[in-house]
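Please keep the structure in view while reading.

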Amino acid sequence: MDTTYQVNGMTCGHCVNAVSTELTALPGVTDVQVDLATGRVTVTSQGPLDAAAVRAAVDEAGYDLAEA
């Protein structure tokens, strides 16, 4: 299952790595692809992800998850 999120504040490869690391640590996540130019983050998971957990992971990385 792929879900795309909009993450604000990413500006470089370090940003991409930080967000990817935090999201990959969530249970059920199998892949994370980040498009730095657009701020879109596509998360592949085994099932639906808890929105609060995704928001917390992005926040832990130091960025903001845009409202859907």
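A nonpolar core here is a set of buried Ala, Val, Leu, Ile, Met, Phe, Trp, Tyr and Cys residues joined through side-chain atoms within 4.5 Å. The model is predicted. Its largest nonpolar core has 18 residues, and those touching the most other members are Val7, Met10, Val19, Leu23, Val41 and Tyr63. Two or more residues of this core come from each of strand E1 (2-8), helix H1 (13-24), strand E2 (29-35), strand E3 and helix H2 (51-61).

Met10 shows how some of these parts meet. Apart from neighbours within four places in sequence, Met10 is in contact with Cys15, Val19, Val34, Leu36, Gly39, Val41 and Tyr63.

Next come the strand pairings. E1 and E3 run antiparallel and are joined by 5 bridges; one of the residues involved is Gln6, whose bridge partner in E3 is Arg40. E1 also pairs with strand E4 (residues 64-65), again in the antiparallel sense, over 2 bridges. In that pairing, Val7 has Leu65 of E4 as its bridge partner. Val7 is also among the core residues that touch the most other members.

The last stop is Ser45, which lies in strand E3 (residues 40-45). Is Ser45 buried or exposed? Ser45 counts as buried because its relative accessibility is 4%, and the cut-off for buried is under 20%. A polar atom of the Ser45 side chain lies 2.6 Å from the backbone oxygen of Gly47. With residues up to four places away in sequence not counted, Ser45 touches Met1, Gly28, Val29 and Thr30.

Note on methods. Residues are numbered from 1 along each chain as its sequence is written. This is a predicted model: local features need pLDDT of at least 70, side-chain atom pairs count only at pLDDT 80 or more; totals for chains, interfaces and linings use all residues. Side-chain values use heavy atoms; hydrogens and water are left out. Helices (H or I, at least four residues) and strands (E, at least two) are DSSP runs, numbered from the N terminus. Buried means under 20% relative accessible area, exposed over 50%, partly exposed in between (1.4 Å probe, protein chains only). A polar contact is a pair of N or O atoms within 3.5 Å; within protein, one must be able to donate a hydrogen and the other to accept it, and residues adjacent in sequence count only if both atoms are side-chain atoms. Contact means heavy atoms within 4.5 Å. Two strands pair if DSSP finds at least two bridges between them.
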